[in-house]
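Keep the viewer open as you read.

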Amino acid sequence: MPTTEVQVRRFSVVSSRPFDEIVSSVSATIGHPDMTSFQPAVAAAETLADLEKVVNGAIGSSGLMEFARYDAGEILRKERGGPASQIVRLVVGNPLIMKEMAKHVPDAGSYAPITVLVDERPDAVHLSYDRMASFLATYGNPDALRVAEDLDNKVETLLREAAA
């Protein structure tokens, strides 16, 4: 089996705003569908128009939706027995964007949805995102890369605005 090396570029922004405010700001712009009804609705969609209706009803003003949220800070607090830095991993995306990338580069399905990491450090709160274009650049497909760059711009705008 061949192995492909993928070089990843990370976008990060640092904010002096409180952690909870930043997470709330990000959350306010992404959709929060009930996944127990979203998945069956996607499966029941018979046409692209039906699928677009389901997805567009689930995304927020950023054009993205939350698939999962992991509170790594909670795990650290268990180990330390008290206060610890806060760390939240948000798994977000848009199935229609993923579809556009994956039809050109099937491996794009490995990278979408994406992760947004919000973590509190002694100096400030850091918001990080591994750029989709960096994942897909290895595959050399300009159509997939264009979609990935659009996604990167969308996510980076979201993080900049949350940090401001």
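## Ground rules

Angles under 35 degrees count as roughly parallel, over 145 as roughly antiparallel, 65 to 115 as roughly perpendicular and the rest as oblique. This is a predicted model, in which local features need pLDDT of at least 70, side-chain atom pairs count only at pLDDT 80 or more, and totals for chains, interfaces and linings use all residues. Residues are numbered from 1 along each chain as its sequence is written, and side-chain values use heavy atoms, with hydrogens and water left out.

## α3 against α5

The axes of helix α3 (residues 48–56) and α5 come within 9 Å and cross at roughly 135 degrees (axes are lines fitted to C-alpha atoms, for helices over the stretch in contact, and angles run from 0 to 180 degrees between N-to-C directions). The two helices, α3 and α5, are therefore oblique to each other.

On the α3 side, Leu48, Leu51, Glu52, Val55 and Asn56 make the contact, and on the α5 side Pro95, Leu96 and Lys99 do (contact means heavy atoms within 4.5 Å). By class, the residues of this contact are five nonpolar, one polar and two charged (Ala, Val, Leu, Ile, Met, Phe, Trp, Tyr, Cys and Pro count as nonpolar, Asp, Glu, Lys and Arg as charged, and the others, Gly among them, as polar).

## α5 against α7

With helix α7 (residues 142–163), α5 has an axis approach within 8 Å and a crossing at roughly 150 degrees. The helices α5 and α7 are therefore roughly antiparallel to each other. Ile97, Glu100 and Met101 of α5 meet Ala144, Val147, Ala148, Leu151 and Lys154 of α7. The residues of this contact comprise six nonpolar, no polar and two charged.

## The largest pocket

The largest pocket has a volume of about 170 Å³ (on a 1 Å grid over the protein atoms alone, a pocket is an open set of points where a 1.4 Å probe fits, with protein on both sides within 12 Å along at least five of seven lines; lining residues have an atom within 4 Å of a point; a volume is the space filled by probe spheres set on the points). Among its 16 lining residues, Phe67, Asn94, Pro95, Met98 and Pro113 are the closest to the centre.

Elements that give two or more residues to the lining are α2 (35–44), β3 (87–93) and α5 (95–102) (helices are DSSP runs of H or I, at least four residues, and strands of E, at least two, numbered from the N terminus). Which element gives the most to this lining? It is α5, with four residues. The lining has 13 nonpolar, three polar and no charged residues.
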